[in-house]
Amino acid sequence: MTTTVENKTGRRRPRLIFLLPLGFFVALALIFLMRLESGVDPSAIPSALVGQSAPEFDLPPLEGVTVPGLKRADLDGKVTLVNVFASWCAPCRQEHPVLEKLAKDNRIRLVGINYKDQPENARRFLGDLGNPYAAIGVDRQGRTTIDWGVYGVPESFVVGADGIIRYKFIGPLSDETAANLLMPEIEKALAAGR
């Protein structure tokens, strides 16, 4: 099988089919370049739940911790930050001091969903780092977090006093992202509830 064709002058020229991968690569590179130049944060993954009511759920408490479990009705009446975390998640450990600071803001309620974790590990995690959560629901199988559209941990959701998801942040919160991205969304949710 030959990969070239002779033309009338006897010269060989490549078949166009072999140029298709190069053309595909160039088109893909142009798409990536346009996406980078658009100014859109490439790490931002849109959530279909933003603007929708938080899903129904009823999660048991983390045994041995003195806060209640978490259910959908707990999200009504006050702006709530729902943080999905796990003891095995290194970025969760990294963001924990930021959550400790956010928990001191009396205008909001910080709650946690413990994702696919062993209870003793979750208790140790909170015992070592402190417990910023007013409530913790245990999602051992990960079914509730699927309903929330969670891609991985940590993830945080701002839920308005009306139970509507207002914002989703993927990844560990830092002082910078909390101040520049999360707090403006919390302020919007607080203003909408007045």
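How many of the five residues of strand S8 (residues 155–159) are buried? Please keep in mind throughout that the model is predicted.

**The whole chain**

Followed from the N terminus, the elements run β-β-α-β-β-β-α-β-α-β-α-β-β-α. The chain has 194 residues, and buried residues make up 40% of them. Now switch to a surface display. The accessible surface comes to about 11,400 Å², and 58% of it belongs to carbon and sulfur atoms. Of the contacts between residues at least 6 apart in sequence, 69% join residues at least 24 apart.

Select residues 155–159. Five of the five residues of strand S8 are buried, so the strand is largely enclosed by the rest of the structure. Show the side chains next. In a regular strand the side chains alternate between the two faces of the sheet. Here, Glu-155, Phe-157 and Val-159 point one way, while Ser-156 and Val-158 point the other way.

Look for Val-159, which stands opposite Ile-165 in S9. S8 and S9 form a hairpin with five residues between them. In the turn, select Gly-163, which has a positive phi of about 85°.

**Salt bridges**

Side chains of opposite charge can pair when their charged atoms come close. The count in this model comes to eight salt bridges, and several are visited here.

Select Arg-72 and Asp-76 next. The side chains of these residues meet in a salt bridge of 2.9 Å, N to O. Arg-72 has a relative accessible area of 7% and is therefore buried, whereas Asp-76, at 41%, counts as partly exposed.

Move to helix H5 (residues 175–192) and select Glu-185 and Lys-188. Both lie in this helix, three residues apart, about one turn of the helix. They form a salt bridge whose closest N and O atoms are 3.3 Å apart. Glu-185 is buried at 17% relative accessible area, since buried means under 20%. Lys-188 counts as exposed at 52%, because exposed means over 50%.

To complete this part, select Asp-105, Arg-107 and Glu-187, which are linked in a network of salt bridges.

**The disulfide**

Select Cys-89 and Cys-92. How many disulfides does a search of the whole structure find? The search finds one. Cys-89 and Cys-92 form it, with their sulfur atoms 2.4 Å apart. The link is right-handed, with 85° about the S-S bond. Cys-89 is buried, with a relative accessible area of 4%, and Cys-92 is buried, with 1%.

**Thr-144 in helix H4**

Select residues 143–147 to show helix H4, which contains Thr-144. At 11% relative accessibility, Thr-144 counts as buried. Which residues is Thr-144 in contact with, leaving aside its neighbours within four places in sequence? Display Phe-57, Leu-59 and Asp-139, the residues that answer this description.

**A nonpolar patch on the surface**

Return to the surface display for the last stop and select Leu-19, Leu-22, Phe-25, Val-26 and Leu-30. These residues form a nonpolar patch on the surface, with about 490 Å² of accessible area together. One of them, Leu-19, lies in the loop between strand S2 (12–14) and helix H1 (20–37). Leu-19 is partly exposed, with a relative accessible area of 42%.

Technical notes:
Residues numbered from 1 in each chain as written. Predicted model: local features only at pLDDT ≥ 70, side-chain atom pairs only at ≥ 80, totals over all residues. Heavy atoms only, no water. Patch = residues over 30% accessible without salt bridge, like charges linked within 9 Å, V, L, I, M, F, W, Y side chains within 5 Å. Areas by Shrake-Rupley, 256 points an atom, 1.4 Å probe, with all protein chains shown as cover. Salt bridge = Lys/Arg side-chain N within 4 Å of Asp/Glu carboxyl O. Helix = DSSP H or I, 4+ residues; strand = E, 2+ residues; numbered from the N terminus. Buried < 20%, exposed > 50% of the residue type's maximum accessible area, 1.4 Å probe, protein only. Contact = heavy atoms within 4.5 Å. Pairing = 2+ DSSP bridges. Disulfide = S-S within 2.5 Å.
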